[in-house]
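Here is a short briefing on a model and its chains. Look over the sequence and structure, then read the points by topic.

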2 protein chains.
Amino acid sequence: MANATPKHEDPHIPAALIDLLEGEALGHLATVRANGTPHVTPLWIDHDGDAVLVNVRLDRVKAANMRERPDVAISIVDPRNPYRYLAITGRVVSSSVDGWREHMNKLALRYMKVDRYPWFFEGEERAIFRIVPTNVYYEMGDT
Amino acid sequence: MANATPKHEDPHIPAALIDLLEGEALGHLATVRANGTPHVTPLWIDHDGDAVLVNVRLDRVKAANMRERPDVAISIVDPRNPYRYLAITGRVVSSSVDGWREHMNKLALRYMKVDRYPWFFEGEERAIFRIVPTNVYYEMGDT
């Protein structure tokens, strides 16, 4: 990482890298806590065109952070090529509690190859957060 | 990810997960920009006991962020088990410009299996940033 080869910035996710949001790569979502310090954890990621979608339990630190401070960043690396990655800066434009269960099942199919997310629990509350990129820094992995 | 199994927090990196800082796993370093928004990018990581070490070019956004706002967070996932990970919150306690070249060669050996980092360039300036964890959130991957 951190090499001297050219990198690129754009407000959109390049078509040539959109597969990173459709495969098994994890995202690492950075948010900011109330005290101004950063928080980052791995999570499953999805997209709807240029918008990144994350499905997050409402009792998680990142959910509270996204609701209160919508500026976020996401880093996604190709598991097969560490020099092929997206580092997205964006903003949460909406969060929806509709359809989160079906969406988790869709993600479980993609990431776990199972038809149903196996860890639902009684009383679980989630939302789908929609993140619109404001800047996309990327490397194509062709070093 | 984001399942309902127990997770754990501690101010130290568990011995059973220290291999994540010694192998091929990338870190995802989150910092905060001057405007309060988060920044996250993948990078090579090292450690010295409980302290996480990152070797960063001084012209990078993350270097400026770490120098000006030392609160950081790092997420590291085992490439062989997405449910085995560290999410470290910490603070940059020092940055040193001594020995960065040798340190990059050490990291290149680990991550690229080459004796010498291949992308040094004329005029390059780096520092080794030392990050002391204040909180370590982790999952052992035994779900």
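From the N terminus on, chain A runs β-β-β-β-β-α-β-β-α-β. That comes to two helices and eight strands. Helices (H or I, at least four residues) and strands (E, at least two) are DSSP runs, numbered from the N terminus. This is a predicted model: local features need pLDDT of at least 70, side-chain atom pairs count only at pLDDT 80 or more, and totals for chains, interfaces and linings use all residues. Residues are numbered from 1 along each chain as its sequence is written, while chains are lettered from A and ligands numbered from 1 in the order in which they are written.

**Chain A overall**
- The C-alpha atoms fill a box of roughly 50 × 40 × 25 Å along the principal axes.
- Of the 143 residues, 38% count as buried (20 or more other C-beta atoms within 10 Å of the residue's own, with C-beta atoms placed from the backbone).
- Among contacts with a separation of 6 or more, 73% join residues 24 or more positions apart (contact: C-beta atoms, placed from the backbone, within 7 Å).

**Core**
- The largest nonpolar core has 64 residues (buried Ala, Val, Leu, Ile, Met, Phe, Trp, Tyr and Cys joined through C-beta atoms within 7 Å).
- A:Ile74, A:Leu86, B:Ile74 and B:Leu86 have the most contacts inside it.
- Beyond four places in sequence, A:Ile74 contacts residues including A:Gly27, A:Ile88 and B:Val40.

**Symmetry**
- A rotation of 180° with 0.0 Å of shift along its axis superposes chain B on chain A, RMSD 0.0 Å (least squares on C-alpha atoms of residues with pLDDT of at least 70 in both).
- The two copies are therefore related as by a two-fold rotation axis.
- The same surface serves both copies: 100% of chain B's contact residues recur in chain A.

Definitions and conventions: A residue is buried if 20 or more other C-beta atoms lie within 10 Å of its own, exposed if 12 or fewer, and partly exposed in between; C-beta atoms are placed from the backbone. Two residues are in contact if their C-beta atoms, placed from the backbone, lie within 7 Å.
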